[in-house]
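Q: I have a model open beside its sequence. Please take me through how to read its features one at a time.

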Amino acid sequence: MAERLLQASRQRRVKAMTAAAGSARQAAVPLLLCALLAPGGAYVLDDSDGLGREFDGIGAVSGGGATSRLLVNYPEPYRSQILDYLFKPNFGASLHILKVEIGGDGQTTDGTEPSHMHYALDEDYFRGYEWWLMKEAKKRNSNITLMGLPWSFPGWLGKGFNWPYVNRQLTAYYVVTWIVGAKHYHDLDIDYIGIWNERSFDVNYIKVLRRMLNYQGLQQVKIIASDNLWEPISASMLHDPELLEVIDVIGTIAWNLVASYYEQLPYGRCGLMTAQEPWSGHYAVEAPIWISAHTTQFTQPGWYYLKTVGHLEKGGSYVALTDGLGNLTIIIETMSHKHSMCIRPFLPYFNVSQQFATFVLKGSFSEIPELQVWYTKLGKPSERFLFKQLDSLWLNSGGSFTLELQEDELFTLTTLTTGRKGNYPLPPKSQPFPCVYNDDFNVDYPFFSEAPNFADQTGVFEYFMNIEDPGEHRFTLRQVLNQRPITWAADAFNTISVIGDYQWSNLTIKCDVYIETPEKGGVFIAGRVNKGGILIRSARGVFFWIFADGTYRVTGDLAGWTIYTVGHADITAKKWYTLTLTIKGGFSSGLLNGWPLWKNVSVTFPKHGWAAIGTHSFEFAQFDNFHVEAAH
């Protein structure tokens, strides 16, 4: 059979080469030269001496943090389309792996993600959106590998210290409950568990975690460590046989899955694709989706790399993988240094130049007659191609082929014929956040624990039902943390959730507020908030505070260092108040229950930013009937 295929391929080679050349000229893509021999020797792809390492798959992270926050608010069909581009096999990125943040209540880059255990005796396995995301991924690819990794931890685990290893048994128990809860409440099998993202690892904790997993019958859950650079965990493993035994993978992965957070937060648009406008339905399928597809659509976890892989003579690299059943996938890249900036640690400078590269298939691949070809070219829009299928390539009688390679190209050559560049009709056009926005939080049984479009930056704000209040404040939004978490970043000392358009300048914000902590409690509404994420501590804006001790304050920053005005008012805890903040040009005014409390206070910086709500400290407080109206 193989001989007949070879003979047929030779008869059609001249015709195929001519067709391929014509197609390449029409599409302005490189010519595939099947018979040209390049000077300087050839790159041999051979399995005669056995195979190399097993391929675990390609994946991405949701979290680290709150990077998928806005995705859940998307209307259909756009939300499902985004998920298809990420997870649907042979369609888009077709990811093999999804790693999610185990929410720990702390700021972890672009926001906070809620823990399943805010307090020691508290368990809720429906908070946040990572459970939902894992289920959506599984719907599209039942074989997808699921991973969990903590960034921050709830404060009670630290016993007064900002450290998760104070009580190793307790922290291991906390992580294991997340794994057990994923299965019990969502029928999700977690395959791998991490330690503490990009932070110190504790050798004894890793061993305790392994023992607790085994004790709970979770021997199949493997440990990744330490989600940081290769050192020093690899050195520790070499010097500790037990540690070497309990760690299954030394891991890093692509961050982040989808940029579904306000773009002006740190690392805006740093996802495989961008989906940051649930109010309009607009999203963008970015180049990383198709770069991923060059590997994910033509390999699977459990395939093996060939040993004969490496670097190209004039820059670039190549790998080849096989399923051991006759299929072969070759991926060749010539990315320039300027298109290789997202990797950490940063790469030293290198140069890539035009070259001819000849590849020779040997061993069990020597009789492959034909390879499917997929091509990407990065660079100027007029010269750019993303995941384009070219005419198939016919190998010569020696099992070789030659490619002309230019800078910033990617080729996949494969025996698989299942590749596909999936697409949907263009989504709606981009639109700014609505200039008039209301939320009364009247949701009896919310599908998600967080209100749409609010992006928590310190603290956790959740839907809440006042069982004893049959009135208009039965359903509210509540800040639920009463203790500072074990932090991963520089969380603020106040809690805050931002919302809206970063370009808002002249606006009115109105919200009902309820202080729960007598004497020391306090809440605020704010406008023109100019920072978030890991920079939240230094956020500037116009902040209108009221306190349970009967005072109010207007500040120019979240930390309260810049005080515009202070005063007394009839305010106490356990009572609802309506705050109104108006900012216009260089002045601001505030109302309490509709009556002027302060007016014409000069505010010169910043010129624009988000709206926000929050509390004075990590304290319980409630918010209701949120309204914002911004000038066009």
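Q: What caps the N-terminal end of H6?
A: Look for a side-chain oxygen beside a backbone nitrogen. Asp202 caps H6, with a side-chain oxygen 3.0 Å from the backbone nitrogen of Asn204. At the N-terminal end of H5 the cap is Asn167, where a side-chain oxygen lies 3.2 Å from the backbone nitrogen of Gln169.

Q: How many residues does H6 have, and what does it reach from its first C-alpha to its last?
A: H6 has 13 residues and reaches 19 Å, close to the 18 Å expected at 1.5 Å a residue. Helix H5, residues 168–186, has 19 residues and reaches 27 Å, close to the expected 27 Å.

Q: Which residues of H6 are buried?
A: An α-helix has 3.6 residues a turn, so residues three or four places apart point the same way. In H6 the buried residues are Tyr205, Ile206, Lys207, Val208, Leu209, Arg210, Met212 and Leu213. They are covered by elements including H5, S7, strand S8 (222–225), helix H7 (233–239) and helix H8 (241–246).

Q: What do the buried residues of H5 pack against?
A: The buried residues of H5 include Leu170, Tyr174, Trp178, Ile179 and His186. The buried residues of this helix pack against strand S5 (97–102), helix H4 (130–140), strand S6 (145–150), strand S7 (192–193) and helix H6 (203–215).

Q: With which side chain does Asp202 meet in a salt bridge?
A: The partner is Arg168, with N to O at 2.8 Å. This pair links distant parts of the chain: Asp202 is in the loop between S7 and H6, Arg168 is in helix H5, and the two are 34 residues apart. Asp202, which also caps H6, counts as buried because its relative accessibility is 15%, under the 20% cut-off. Arg168 has a relative accessible area of 31% and is therefore partly exposed.

Q: How many salt bridges does the count come to?
A: The count comes to 16. One of them joins Arg269 and Glu286, whose closest N and O atoms are 2.8 Å apart. That pair links distant parts of the chain, 17 residues apart: Arg269 is in the loop between strand S11 (258–259) and strand S12 (273–277), and Glu286 is in the loop between strand S13 (282–284) and helix H9 (287–296). Arg269 is partly exposed at 38%, and Glu286 is partly exposed at 21%.

Q: Are Arg478 and Glu516 buried or exposed?
A: Both Arg478 and Glu516 are buried. They form a salt bridge whose closest N and O atoms are 2.9 Å apart. Arg478 lies in strand S26 (residues 475–479) and Glu516 in the loop between strand S28 (507–515) and strand S29 (522–529), so the pair ties together parts 38 residues apart in sequence. Salt bridges can also share partners, and in this way Asp84, Glu136, Lys139 and Arg140 are joined into one network.

Q: Where is Ile546 found, and what does it touch?
A: Ile546 is found in strand S30, residues 540–547. Its relative accessibility is 0%, so Ile546 counts as buried. Leaving out residues up to four places away in sequence, Ile546 touches residues including Val513, Ile515, Val523, Tyr552, Ile571 and Leu579. The C-alpha atoms of Ile546 and Phe524 are separated by 6.4 Å, although the two are 22 residues apart along the chain.

Q: What feature does UniProt place at residues 456–630?
A: An unreviewed UniProt entry places "domain: Glycosyl hydrolase family 59 C-terminal lectin" there. Over that range the chain is 0% helix and 54% strand, with the end C-alpha atoms 21 Å apart. The annotation "domain: Glycosyl hydrolase family 59 central", also from an unreviewed UniProt entry, covers residues 305–419. There the chain is 0% helix and 46% strand, and the end C-alpha atoms are 20 Å apart.

Q: What pLDDT does the protein chain average?
A: The average is 92, and 93% of the residues score at least 70. Over residues 1–40 the pLDDT is below 50, and this stretch has 61 contacts in the model beyond near neighbours in sequence. Where pLDDT is low, the predicted coordinates should not be read in detail.

How values were computed
Residues numbered from 1 in each chain as written. Predicted model: local features only at pLDDT ≥ 70, side-chain atom pairs only at ≥ 80, totals over all residues. Heavy atoms only, no water. Helix = DSSP H or I, 4+ residues; strand = E, 2+ residues; numbered from the N terminus. Expected span 1.5 Å × (residues − 1). Buried < 20%, exposed > 50% of the residue type's maximum accessible area, 1.4 Å probe, protein only. Contact = heavy atoms within 4.5 Å. Polar contact = N/O pair within 3.5 Å; in protein donor to acceptor, adjacent residues only side chain to side chain. pLDDT = per-residue confidence, 0-100. UniProt positions renumbered as here; feature names shortened; annotations may be inferred. Salt bridge = Lys/Arg side-chain N within 4 Å of Asp/Glu carboxyl O.
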